[in-house]
Amino acid sequence: PGVHGSTPDARSSSYAEKSYREAMNLKNEMEPLFNAYQIMSSPVKTVSPLMNITDAWRLFRNEKVRHMPVVSENMSLEGILSERDLLKRLIVTDDEVTNVTGEKVSDIMIREVITASRVTDIRRIAMVMFTMHIGTMPILDDNKNLVGIVTRSDILHALITYPPIKLWG
């Protein structure tokens, strides 16, 4: 509950989120859980699927990020692009970038994106990131709009900044 694939069934995800919210209100919890909305980065830096990968590389360098969600003109999540995806396709020499293939972001992005809701607890996000070998997770609101992003660094920062964080519920 709380973690979605790229094409969730709207009815089941609403039910799952409702169940998760109800579970969060159980009185036997000793401390409140830390949720995605408390540690996510927002607004989210994004890239267009139509962007040339050379321009995407420059945007990554300027923004100092390693992952960016790929969004369409109407801001719907289309995929995710990583620095690693770009480096597999580009030739980078002394800050000069060459795109010998002429590819666009849509040609190399990962289309199946694992997402979470704003109320997903960060332990669950960390577990999914660890088991699925991913470094970032886009956060969607109830209408499936991109509202934030959680990275491994965000989780580590929370562990350092909030020492009383409860690792096990």
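This report walks through a predicted model of a single protein chain, from its overall make-up to a few local details.

## The chain at a glance

Welcome to the structure. The secondary structure of this chain comes to 7 helices and 8 strands. The chain has 169 residues, and 40% of them count as buried.

## The largest pocket

The largest share is that of H4, with 4 residues. Sorted by class, the lining has 13 nonpolar, 11 charged and 8 polar residues.

Ser-82 belongs to strand S3. Is it buried or exposed? Its relative accessibility is 12%, so Ser-82 counts as buried, the cut-off being under 20%. Setting aside neighbours within four places in sequence, Ser-82 touches Phe-60, Arg-66 and His-67.

Two of the facing positions can be picked out by name: Val-70 stands opposite Gly-79 of S3, while Val-71 has Leu-77 in S3 as its bridge partner. S2 is mostly covered, with 4 of its 5 residues buried.

The hairpin has 5 residues between the two strands, and Met-75 there takes a positive phi near 70°.

Helix H7 has three buried residues: Asp-154, Ile-155 and Ala-158. Viewed down the axis of H7, these residues fall within an arc of 100°, so they line one face of the helix. The other side of H7 has the exposed residues Ser-153, Leu-156 and Ile-160. What do the buried residues of H7 pack against? Their partners are helix H2 (36-39), helix H6 (122-132) and strand S8.

H6, one of those partners, has buried residues of its own, namely Ile-122, Ile-125, Val-128 and Met-129. These cover an arc of only 120° around the axis, which puts them on the same side of H6. Met-127 and Phe-130 are exposed, on the face of H6 turned away from the buried side.

## Loops worth a look

Some details sit in the loops. Asn-35 lies in the loop between helix H1 (10-24) and H2. With a relative accessible area of 4%, Asn-35 is buried. Asn-35 and Arg-124 are 89 residues apart along the chain, yet their C-alpha atoms are separated by 9.4 Å.

Most residues other than glycine have a negative phi, and most peptide bonds are trans. With that in mind, a few places stand out. The peptide bond from Ser-42 to Pro-43 is cis, with omega near 0°, and Pro-43 is found in the loop between H2 and helix H3 (53-63).

Lys-64, in the loop between H3 and S2, is not a glycine but has a positive phi of about 55°. Lys-64 has a relative accessibility of 72%, so it counts as exposed. His-133 is another residue other than glycine with a positive phi, in this case near 60°. The loop between H6 and S7 is where His-133 sits. At 67% relative accessibility, His-133 counts as exposed.

Notes
Residues numbered from 1 in each chain as written. Predicted model: local features only at pLDDT ≥ 70, side-chain atom pairs only at ≥ 80, totals over all residues. Heavy atoms only, no water. Nonpolar A, V, L, I, M, F, W, Y, C, P; charged D, E, K, R; others polar. Buried < 20%, exposed > 50% of the residue type's maximum accessible area, 1.4 Å probe, protein only. Arc of directions from axis to C-beta. Contact = heavy atoms within 4.5 Å. Pairing = 2+ DSSP bridges.
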